[in-house]
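Please look over the strands and nonpolar cores of this model. A short report follows.

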Amino acid sequence: MMNKRVLNSFLYGALLFSLGTGVVSCKDYDSDIEGLNNRITTVESDMDRFKEKIEAALNANLTVQSWYPSEDQSQYTIVLSNGDELYVQASNKATPFYQFKVEEGTWRYTKDKGAGWYKVLTFGTEQEIPGTDKDQLYYDKSNGYIYIQKTGELVQTTITADKDTPILAENKENKTLSVYIYGENYILPVQGGGFSGISSILFQKQFVFEEDEFLEAASYTNKLGKVVTAHTATAKFKILPKDIDLSEAVFESADIHELKMTRAELPQLLVNTDKKLDANGILTVELTPSNMTAPYYGAVLEITLDKTTTSSNYFVVKPTSYSASNGQFAYRETRTYYQNSESLKFISTESLDLAKTIGWGFGESEEVKFVDELGFSELAIATTYELTENPNNTFEVTDKGILTAKAANRQGIVKITYTVAEEDFTKEVLVYSQDESTAKNGIGLTGVTELLSGIESLYKGTKAIKVHNAQTTLESMGVTASKAWKLGAQQNGGSWDVIPMNTNLASITQDTELANGEVCLYYDALQKTSYLLVGPQAEGIVGANLFAMNETGTDKESFTLNDKQVGLYIGNVTSKYVVEAPTKKPELEIPIYGKSGIDHASPVLNIGNRFAIPGVYDEVKGYHFTDMDLRKALYNFKPADADFTITLNKGDQNDKVQQRWDANNFLWDAGKNELTIVRNTPHLQLFHFNFNDKKINEMTEANNGIKISWTFSAGKGEVSSEGNEAWYVKDPVRQPGDHMIYMGVDKQPNATGVISTDYNLKISDFEPGKEELTELVVGKVYNLGDALKNHEFWRKGCAWDVYGGESNASGTNLPVLLQYNSSLNRLAPTKHCNTYFGVQKPIKVAFEGANDEAKSLLEVDSENQTFKLKGESSKEIQLRIIFETDYSSQSLYFKIIKG
């Protein structure tokens with residue numbers, strides 16, 4: 001059943017209007033309704049006053065004597081039982097007022113001051129709609145139609161309502177007049193009627209976070225996905241009249257629907273309340289979501305008392321699940337994520353309260369809500385603090401997170417651990433003790449993405465490191481033009497140690513190449529970005545606060561901020577020049593599968609772990625080796641711009657590599673140290689590069705792979721490889737064992753490391769109830785897919801990406817390349833196979849008889865994956881699947897057997 005918005009939610013659903021409201025008084029009221037004679041204007045404060053007055057009238061048990069529109073339809077007047085008047089006024093235009101009533105058992109409506117009452121008809125069929133005092137009126141803002149809610153169904157009427165149209169609804173069955181105004185519903189008893197139900201249920205806004213406009217019903221889920229604790233959404237409603245007895249009332253949430261989302265199936269809000277009002281007529285309700293999968297839901301509270309149902313105005317519920325896996329460490333004050341490159345700075349003579357500085361919580365950066373704010377009263381939360389790096393025992397931290405230091409300008413690391421529901425979440429946080437004069441007399445800049453306490457300079461190039469101050473800009477300090485400054489550190493005696501600069505400061509930009517050892521600060525006024533420029537082989541700077549210096553280099557530069565003179569410094573800078581000769585990246589050492597004879601009882605397929613050149617998985621280019629800088633791809637080394645040259649000589653390679661070199665498959669760009677392996681004809685099989693097409697028991701491993709040598713220099717002497725290094729090529733589609741894959745128990749294990757079973761097809765797969773080969777019908781077309789689907793081996797798939805694809809999966813989780821496809825009813829390459837190994841040409845999957853006997857007996861339609869017998873046979877039939885990808889050509893053998 002569709003969910004529609006009740007007419008009492010017109011503000012939320014945008015039916016009601018910018019309008020003026022008023023009250024006219026003819027005589028004094030008691031104190032409950034004092035002041036009803038005040039005219040109310042259209043401003044929001046007056047809207048609140050109107051609500052106060054009508055609520056006071058209901059609490060005083062006043063009734064409606066009559067109601068009528070003005071001549072120009074701009075105002076509607078409600079006359080109360082004591083003669084006073086309430087009125088509603090449409091702004092700046094005449095707006096028709098709809099009235100609804102039940103007459104002679106069916107719904108009627110009018111929009112012409114009651115001059116004519118018309119039947120309310122069903123949309124489409126235009127049938128009359130029976131009416132009772134239990135019916136509700138609904139409005140759907142998406143189509144503008146009014147609906148009548150019946151028990152168990154929702155009836156769309158032919159009536160459309162403009163969103164600027166106020167609504168008055170009379171129900172003659174229970175003698176009430178409903179006023180829908182400002183998104184709230186008031187049921188006013190009509191004089192002489194005897195209505196004693198609830199006149200209004202008004203949702204009271206009260207939000208945990210000021211920026212939120214919803215009630216949050218939340219749960220906390222641990223890293224295993226188990227819900228550890230939850231809390232309901234607590235809603236408060238003002239009930240009118242405030243002294244009504246709700247002990248016999250029935251409560252439920254209704255008209256629950258998703259906001260800005262596709263509507264969910266049967267969402268529920270389970271209602272729990274003690275049914276008691278406080279002194280101000282406020283009812284507290286606990287709401288528990290059920291089957292709610294969307295981010296936000298709108299709903300109303302319905303209370304049924306004495307067979308009359310009254311609905312509240314709309315409120316919004318957000319069912320939220322906080323998963324431990326999504327937790328983030330963030331700054332308490334700004335609610336932004338903590339960045340690993342940032343230090344928590346504090347004055348060494350003072351202390352830093354880590355508990356008030358860093359927390360663990362959920363949400364986007366700048367919007368993090370910390371776990372201790374989420375209202376989980378039963379969630380066990382503990383925090384511990386441990387110094388994991390503390391040079392000279394400078395720092396101390398208490399179990400409450402109070403950090404102190406014995407000396408200035410020192411850096412340490414504190415490990416903060418949040419233990420939530422017996423699970424630990426840790427973050428190592430950099431801390432830095434500043435000297436008091438620096439902290440109070442200068443504005444500090446820190447690295448935006450790079451840690452300044454661990455700078456490693458280059459061999460020949462200049463590093464441009466972005467720096468900033470999160471609270472202050474250089475523009476606010478009077479810097480309006482691009483400029484560079486020398487940097488200096490103040491010594492204990494007050495003198496300055498300035499880093500020498502021969503490069504002209506006036507010529508510097510962020511792209512300038514500095515001379516060896518130079519370091520400076522540069523501000524780009526156009527980009528409004530500051531850079532710490534670190535020249536080649538700059539070293540010897542340890543934990544320094546580097547101040548921008550004046551032009552003469554005799555003192556720090558003076559800047560104006562908030563009418564005060566301050567300095568500008570880059571905090572806690574350490575720069576080293578580190579040289580490390582190339583070493584093979586350890587993650588590139590992988591199992592290498594060799595060829596084996598098919599008759600080996602225990603074939604040795606894995607020749608061991610070897611280093612391999614990795615291809616790149618790309619959803620557009622597939623698995624490829626394109627412009628691969630072997631220096632960066634294969635080795636760890638420092639600095640990044642060292643003189644590092646790789647040599648590949650064609651004459652050093654095995655026969656297969658040399659053949660592909662000549663065939664334009666194997667391209668080596670010596671000037672760029674880049675290798676490209678091209679997928680072109682003749683058909684490329686990667687394993688040829690590795691094994692020179694030899695079986696394990698026949699190979700000489702010295703001939704395997706690609707031969708590489710190198711030389712390296714970074715100003716501290718030249719080093720080189722010890723002759724040629726052997727590198728295999730990472731071949732994900734080459735199955736362990738021979739390229740002819742026999743899947744029997746006495747043959748080879750598959751790529752998952754287990755023996756394949758359930759791959760042979762049976763006679764009963766083609767002819768149900770039959771078992772013998774002689775029972776196959778000569779000339780009849782048999783579909784291999786009808787048999788493949790009965791076997792788990794083919795349904796799960798075979799031929800694997802043996803190195804686990806992009807995610808490096810292993811074991812039985814290896815990506816499948818070939819699999820029975822139920823929608824095609826045939827064996828087909830998977831999406832993974834087509835994406836990464838079918839770029840150069842379409843994947844080939846072909847069937848044929850495996851030997852001369854099978855070929856003479858079978859007529860195979862490989863394209864349609866069918867076959868028919870040419871004559872009778874009592875022997876098992878062996879079939880071959882030819883499986884070709886960009887990088888392999890393999891044959892898979894299976895049989896059609898008895899059974």
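## Strand 42 and its partners

Leu487 has Ala548 of strand 42 as its bridge partner. Strands here are DSSP E runs of at least two residues, and helices are H or I runs of at least four, numbered from the N terminus. Strand 38 (residues 483-490) pairs with strand 42 in the antiparallel sense, over 2 bridges. Two strands count as paired if DSSP finds at least two bridges between them.

Strand 42 also pairs with strand 44 (residues 564-576), again antiparallel, over 4 bridges. Phe547 stands opposite Tyr569 in strand 44. Buried means under 20% relative accessible area, exposed over 50%, partly exposed in between (1.4 Å probe, protein chains only).

## Basis of the model

This is a predicted model: local features need pLDDT of at least 70, side-chain atom pairs need 80 or more, and totals for chains, interfaces and linings use all residues. Residues are numbered from 1 along each chain as its sequence is written, and side-chain values use heavy atoms, without hydrogens or water.

## Nonpolar cores

The largest nonpolar core has 74 residues; Leu630 and Trp794 touch the most other members. Such a core is a set of buried Ala, Val, Leu, Ile, Met, Phe, Trp, Tyr and Cys residues joined through side-chain atoms within 4.5 Å. A second, separate core of 32 residues includes Tyr322, Ala324, Leu352 and Phe376.

An open antiparallel sheet of 3 strands runs in the order 25-28-29. Strand 25 (328-331) and strand 29 (369-370) are at the edges with a single partner strand each, so one side of each lacks a neighbour in the sheet. Strand 28 (residues 358-362) is joined to strand 29 by 2 bridges. Gly361 stands opposite Phe370 in strand 29.
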